[in-house]
Amino acid sequence: MGRIVLDKVTKTFGNVEVIPPLDLTIEDGEFCVFVGPSGCGKSTLLRLIAGLEDVTSGRVLIDDTDATEIPPAKRGLAMVFQSYALYPHMTVRKNIAFPLRMAGLDQAEIDRRVEEAAKVLNLTDYLDRRPGQLSGGQRQRVAIGRAIVREPKAFLFDEPLSNLDAALRVGMRLEISELHNRLGTTMIYVTHDQVEAMTMADKIVVLRAGNIEQVGSPLELYERPRNLFVAGFIGSPTMNFITGPEAEKRGAATLGIRPEHIRVGEGLPWSGIVGVAEHLGSDTFLHVHDTGLAETITVRVPGDVEFKHGDRVVFGPDEAKIHLFDANGLRKP
Amino acid sequence: MARAVKTRRKALNTALAWAVGVLIFFPILWVVVLSFKTEGDAIKTPLEVLTAPWTVESYGVVQERSDYVKHFFNSVVISVGSTLLGLLVAVPAAWSMAFVPSKRTKDILMWMLSTKMLPAVGVLYPIYLLFIQLGLLDTRLGLVVVLMLINLPIIVWMLYTYFREIPGEILEAARMDGAGLREEILYVLTPMAVPGMASTVLLNVILAWNEAFWTLNLTAAKAGPLTAFIASYSSPEGLFYAKLSAASTMAIAPILILGWFSQKQLVRGLTFGAVK
Amino acid sequence: MATRHSRSAARLMMAPAVILLLGWMLVPLTMTLWFSFRKYLPLRGGDLGWVGFENYVRFVKSASFWPSVQATMTLVVGVLVITVVVGILLALLLDQPMWGQGVVRILVIAPFFVMPTVSALVWKNLMLDPINGFFGHLARSLGLQPVDWLSQASMPSIIMIVSWEWLPFATLILLTAFQSLDSEQLEAAEMDGAGPVARFFYIMVPHLARAITVVILIQTIFLLSIFAEIFVTTGGAFGTKTLTYLIYQRVLESQNVGLGSAGGVYAIILANIVAIFLMRIVGKNLDA
């Protein structure tokens, strides 16, 4: 089990309200990602769930039990930290065994579980090394090993991949997703990287300044962002926002269109001059100026279409994929 | 980026530095030399001293006359005892300040430091009186307590600067792994802080070993450490250079060796982290 | 960064250290203050009652007071100047590439670990003694009249002994500061056309300023309470009676506790003035 409910949770540091009253339910077995720009309170929220910080008011329920006053050691949650937080003076084996030792398990059981976790995480050959002798990816796996051996109610991940290089990050992303599929345990994952959020989550919670901007599945967020912030945050490259006549024509204050929902071709309504063309091979992103719509419009075209700096390009939106927002930045139905 | 330095300049530096080094070290060297001479030879001219036969008889005489072993034992008990006692009090305090800092942490640290600056002579008589009242005069226990108190700020400060370098996330990880406060300090913090604690112990043993105000004024025959043992040679009787040298060598040798090991920590400890 | 749980644990764990130091500070301080306002002669009648500020006035008016202040100042300033200036030069030298740097360092640092009573005795007898001391022998072998350093040049002798003890400390701290100087900064200055002298004054000295301040302040704290060196060598004779030593004599030798305590209060005030400056510097570092 691992159903976590935040009930009107708030957090203030001194006079600064980091988390205004916030309600959220994370269902058992769900992979829930907290995403938002730095300083949005996502890590604080995770630490409140972990018990590493006190809530200022409100309740944290774990499996319908009020855990607000329970110390972190007794909440039955496991956490993987950004810096991995491995114990440098212990071998990998001892690191993974530490929570079991704290739980007072007998040695045979500890050994059995450590071996098992090591096998799952490909760490068997490294059990007698110290963290200092491991690569970043291996350290990450040890941190995960330390979390899984105690069979927690839920895993908490605090930006676990941000210290890894790009290639490793993609690999670890897959490993964590696979782990979730296999264990089926609730996972709460904090990241500032919307790609991680989109690729891993069952449910994404977009946070800004401690407020939940939107909760939903990755596709819901992509297809129906509730406001300008979510629309701009989810998706890469970011959505183009157009104000002025084009938006007013459709009865909105702002018109949003994703680069991948713009077509290029003669006869279409918009045009401009290509500034920078980024060739990724499969796709090319054109940064178009002098459109009269916005400073720059990003347009995705297939990789085999040749455009270069200074070319004139004619393009237009896929009308069905247009997002409209009112003057308050909220989505118009 | 290092540059290749001309060998000649390096040789010049070397010669100069060695000359200065030997000059500064000379008094200590001379003490050691004289300690291995007879009393009669020890007062001769330097050249005659160097050519005179070597002997260890002074060491035996010193032990017999003023019981070096007893004073040495007192010094060890007092310096190690005060340091360990201080560590016992300081580790929890430093943990609190390093990992649960509050707005007052800095003030408390500063205030602790300020107690270190209280001139001893200003409070000598009250302490003297209290010691008589409590029966602590000329006891090892009394000195252990006093030296613990005067070095406590340094111990807290040193541990604090070392603890601050340990990432808080690791302690939080321990908490998440089910460790209580006791386990967190015992199994995670302490093993990680061993190098820092070792340097703290080393420096404080040295400071306590060499402390020469309280040890001279609060002890007599019974609990006197080596500082007092040596002070008894300040009123000479007959020829005493070789004996003084032997006694001095024995008094400083243990701590000199410890000191050489702790020279890096010395800077940090004695400047309260202001110079690293 | 913490929960109520850990905060209350922290308070509890800080308590022993705080309480001990508070007691250590307040109890004797209060007693000293109390005694300083009383006529208190333990061997000649004990506590003879309240005298107001008489002790403070008498202490300042006594013939020994101003000379002792002067002696203290001479000692502190003399040692500071010598250790800082020689310390900078020595640190500069030790920072150069050479063979056996580690050994030289060990030689230079050694005096700091010699207990004050030993260094005082060794200097007094083995070095400075006019008849059997090393300097005496040296003078005679050069055909000069040996000097009775400790009675003829007592203060300079004590300054020299104390400087010898503290030079390693100054050198070590300044050396540490030198080594933390970014060599690219020096190279940049060299590229900008600064010669060795200009580099020393425009780059190194400003970089050293903080280390020098720390050396001065910490040494001042210790130097103000220099005791064993004077106790062992001159016993306060020949103009070497510092404020600390004067107070010590009033309290323990003449057993005039009231008068000595008033002197102690002066010493405490003096030390606190120095302390305030030191705390500022250390405090700044704490923020960084």
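Reader: How do you know that chain B and chain C are in contact, and how many residues take part?

Author: Two residues are in contact if their C-beta atoms, placed from the backbone, lie within 7 Å, and by that rule 83 residues of chain B are in contact with 88 residues of chain C. The largest share of the side of chain B that touches chain C, 16 residues, is supplied by helix 1 (residues 7–35) of chain B, where a helix is a DSSP run (H or I) of at least four residues, a strand is an E run of at least two, and both are numbered from the N terminus. This is a predicted model, in which local features need pLDDT of at least 70 and side-chain atom pairs count only at pLDDT 80 or more, while totals for chains, interfaces and linings use all residues. Residues are numbered from 1 along each chain as its sequence is written, and chains are lettered from A and ligands numbered from 1 in the order in which they are written.

Reader: What makes B:Leu124 and B:Phe131 of helix 7 of chain B buried?

Author: A residue is buried if 20 or more other C-beta atoms lie within 10 Å of its own, exposed if 12 or fewer, and partly exposed in between. In helix 7 (residues 124–134) of chain B, the buried residues include B:Leu124 and B:Phe131, so each of them reaches that count of 20 or more.

Reader: Which residues have the most contacts inside the largest nonpolar core?

Author: They are A:Leu156, A:Ile188, B:Ala94, B:Val156 and B:Leu159, in a core of 261 residues, a nonpolar core being a set of buried Ala, Val, Leu, Ile, Met, Phe, Trp, Tyr and Cys residues joined through C-beta atoms within 7 Å. Helix 8 (residues 140–163) of chain B gives the most to this core, with 17 residues. Leaving aside neighbours within four places in sequence, B:Val156 is in contact with B:Ala90, B:Ala93, B:Ala94, B:Met112 and C:Ala17.

Reader: At what angle do helix 6 and helix 8 of chain B pack?

Author: Helix 6 (residues 105–116) of chain B packs against helix 8 of chain B at about 145°, with their axes 8 Å apart; axes are lines fitted to C-alpha atoms over the stretch in contact, and angles run from 0 to 180 degrees between N-to-C directions. The residues of this contact divide into nine nonpolar, one polar and one charged.

Definitions and conventions
Nonpolar A, V, L, I, M, F, W, Y, C, P; charged D, E, K, R; others polar.
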